[in-house]
Amino acid sequence: MGFGDLKTPGGLKVLNDFLADKSYIEGWVPSQADVAVFDAISSAPSTVLCHALRWYNHIKSFQNQKGSLPGVKKPLGHYGPAGVEDKTAADSKDDDDDMDLFGSDEEEDAEAEKLKEERIAAYAAKKSKKPTLIAKSSILLDVKPWDDETDMAKLEECVRSISMDGLLWGQSKLVPVGYGIKKLQIGCVVEDDKVGTDQLEEQITAFEDYVQSMDVAAFNKI
C-alpha cells in the first residue's frame with residue numbers, strides 16, 4: 001500500500017486518483033490517517049489534481065485540532081491503494097530493521113483493534129440516535145471564470161469534485177455575462193447544520209486557476 005513519494009507529481013497523481021470517489025483517506029470523517037498523508041505533502045497540489053486539492057484544503061482547515069482527530073496515526077505506507085511502494089519510508093527502512101529485529105506486529109494489531117473498537121462505538125452511538133428533522137436548503141451558485149479562455153468543463157469538474165457530508169450537487173448550466181464570457185450556474189442541496197455557503201465559497205475559490213469569484217444567486221429553505 002501507499003502513495004509513493006508525495007513530494008513528487010507522480011505521488012500526488014496517485015493520491016488524486018485515490019480520492020476521486022472518497023472524501024477522506026479512511027472512513028467518513030477526518031482522522032489521523034488524513035493527518036499522516038497531509039503532513040507528507042510539502043505544498044498544496046496543483047488545480048489540475050482537483051480531487052487532491054479539494055481534500056488538501058479541507059484537511060488544512062483542521063490543522064488547529066488535528067491532534068484531537070480520531071484514530072491512530074500510522075506510517076504512511078499503511079494508507080492508500082495496494083501495489084504502490086511507500087518510498088517516503090525507504091531511507092529509514094534499514095535503520096528500522098536494525099532497531100526492531102522482530103517487528104512491531106503486536107503493537108500494530110493493538111492499534112488496529114483500538115481503532116476498530118472506536119469506529120464500532122461511534123457507529124453504534126450514531127445508529128442509536130432517534131431520527132430527527134434535518135433542515136435543508138436549496139442553493140443556486142454563480143461561479144465566475146477569469147476570462148473567455150477559461151476551460152468551463154474543467155471548472156465544473158473541479159466544483160463537482162467538492163464532496164462534503166450533507167452536500168448534493170444538482171443541475172448546472174452556462175450563462176452568458178458579456179464579452180464572450182460565461183459563468184457556471186450550479187445548484188445544490190445542503191444540510192444546514194453541516195454545510196454553509198462560506199465553506200462552499202472557500203473550497204470553490206481555491207481552484208484559483210479557473211475561478212475568479214463565487215456568489216449566491218438564490219437561497220431557499222426546503
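Contact means heavy atoms within 4.5 Å. The model is predicted: local features need pLDDT of at least 70, side-chain atom pairs count only at pLDDT 80 or more, and totals for chains, interfaces and linings use all residues. Residues are numbered from 1 along each chain as its sequence is written, and side-chain values use heavy atoms, with hydrogens and water left out.

**Exercise 1.** Find the order of the strands in the open sheet.

*Solution.* 
- Start with the terms. Strands (E, at least two residues) and helices (H or I, at least four) are DSSP runs, numbered from the N terminus. Two strands pair if DSSP finds at least two bridges between them.
- Read the order: E2-E3-E1-E4, with antiparallel pairing.
- Check the edges. E2 and E4 each pair on one side only.
- Look at two pairs. E2 (residues 167–178) and E3 (residues 181–191) share nine bridges. E1 and E4 are also joined by nine bridges.
- Pick out a partner in E4: Phe-219 bridges to Ile-139.

**Exercise 2.** Locate Cys-188 in the largest nonpolar core.

*Solution.* 
- Define the core: buried Ala, Val, Leu, Ile, Met, Phe, Trp, Tyr and Cys residues joined through side-chain atoms within 4.5 Å. Buried means under 20% relative accessible area (1.4 Å probe, protein chains only).
- Name the elements. Those giving two or more residues include E1 (136–145), H6 (152–160) and H7 (197–204).
- List contacts. Leaving out residues up to four places away in sequence, Cys-188 touches nearby chain parts including Leu-141, Leu-167, Trp-169 and Leu-200.

Technical notes:
Buried means under 20% relative accessible area, exposed over 50%, partly exposed in between (1.4 Å probe, protein chains only).
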